[in-house]
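Open your viewer and get the selection tool ready. We will go stop by stop.

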Amino acid sequence: MKHQKCSSCHKEKTLDSFHVDRSRKSGRQRYCKECKKFFDKEGYHPKYKTKYMIYYLPKERYIGMTYNLKRRMTAHKQRHHRDITGYRVILTTKHEKLAHVVETLLHLIGFNGFRY
Ligand SMILES: [Zn+2]
């Protein structure tokens, strides 16, 4: 059985783990089905999955956490009808636990916004 290395997760996988792509020399897509699925669903590359951001919406006095800031801001605007004017990222980390702890702490101490 032939193998191919996925350009996303860098795992060697059997060819049937890749969708057919006749435009490519190998006859298969560069990304394995698993990575492709993630990409289609989440709209971004899985390797960025582990970057967490704590952000702040000054107009809403709102603290939140996300790993896809653009997507979250769009959701806030369209679904939650929040005013994202002047939003800022407080923390960017690869450690999900740290991000959770910081977010929880900020909520616990009743963080309601920056004052300058
Ligand atoms: Zn993959």
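What follows is a short tour of this chain, with something to select at each stop.

**Before you start**

This is a predicted model: local features need pLDDT of at least 70, side-chain atom pairs count only at pLDDT 80 or more, and totals for chains, interfaces and linings use all residues. Residues are numbered from 1 along each chain as its sequence is written.

Colour the chain by confidence. The score is pLDDT, the predictor's confidence in each residue, from 0 to 100. The protein chain averages a pLDDT of 84, and 87% of the residues score at least 70. Confidence is lowest in helix 1, at a mean of 83, and highest in strand 2, at 96.

**Stop 1: the whole chain**

Switch to cartoon view. How many helices and strands are there in the protein chain? There are 3 helices and 7 strands. Helices (H or I, at least four residues) and strands (E, at least two) are DSSP runs, numbered from the N terminus. Along the sequence, the pattern reads β-β-β-β-α-β-β-α-β-α.

Next, think about burial. A residue is buried if 20 or more other C-beta atoms lie within 10 Å of its own, exposed if 12 or fewer, and partly exposed in between; the C-beta atoms are placed from the backbone. Of the 116 residues of the protein chain, 10% count as buried.

Contacts come next. Two residues are in contact if their C-beta atoms, placed from the backbone, lie within 7 Å. Among contacts between residues at least 6 apart in sequence, 45% join residues at least 24 apart.

**Stop 2: the largest nonpolar core**

Select Cys 6, Phe 18, Tyr 31, Cys 32 and Cys 35. These 5 residues make up the largest nonpolar core. Such a core is a set of buried Ala, Val, Leu, Ile, Met, Phe, Trp, Tyr and Cys residues joined through C-beta atoms within 7 Å.

Which residues does Cys 6 touch, not counting residues up to four places away in sequence? They are Lys 11, Lys 13, Tyr 31, Cys 32 and Cys 35.

**Stop 3: the loop at His 10**

Select His 10. His 10 lies in the loop between strand 1 (3-5) and strand 2 (12-14). Its phi is positive, about 60°, although His 10 is not a glycine. His 10 counts as exposed because it has 10 C-beta neighbours inside 10 Å.

**Stop 4: Lys 36 in helix 1**

Move to helix 1 (residues 33-42), where Lys 36 is found. Is Lys 36 exposed or partly exposed? With 18 C-beta neighbours inside 10 Å, Lys 36 counts as partly exposed. Leaving out residues up to four places away in sequence, Lys 36 touches His 19, Gln 29 and Tyr 31. Draw a line from Lys 36 to His 19. They are 17 residues apart in sequence and 8.8 Å apart in space, C-alpha to C-alpha.

**Stop 5: the sheet**

Select strand 5 (residues 52-57) and strand 6 (residues 62-66). They run antiparallel, joined by 5 bridges. Met 53 has Thr 66 in strand 6 as its bridge partner.

The hairpin of these two strands has 4 residues between the strands. In the loop between strand 5 and strand 6 lies Arg 61. Arg 61 is not a glycine, yet its phi is positive, near 50°. Arg 61 is exposed, because 11 other C-beta atoms lie within 10 Å.

Two strands pair if DSSP finds at least two bridges between them.

**Stop 6: helix 3**

Finish with helix 3 (residues 96-108), where Glu 96 lies. Glu 96 is partly exposed, with 14 other C-beta atoms within 10 Å. Glu 96 and Met 65 are 31 residues apart in sequence but 9.8 Å apart in space, C-alpha to C-alpha. After helix 3 comes Gly 110, whose phi is positive, near 70°.
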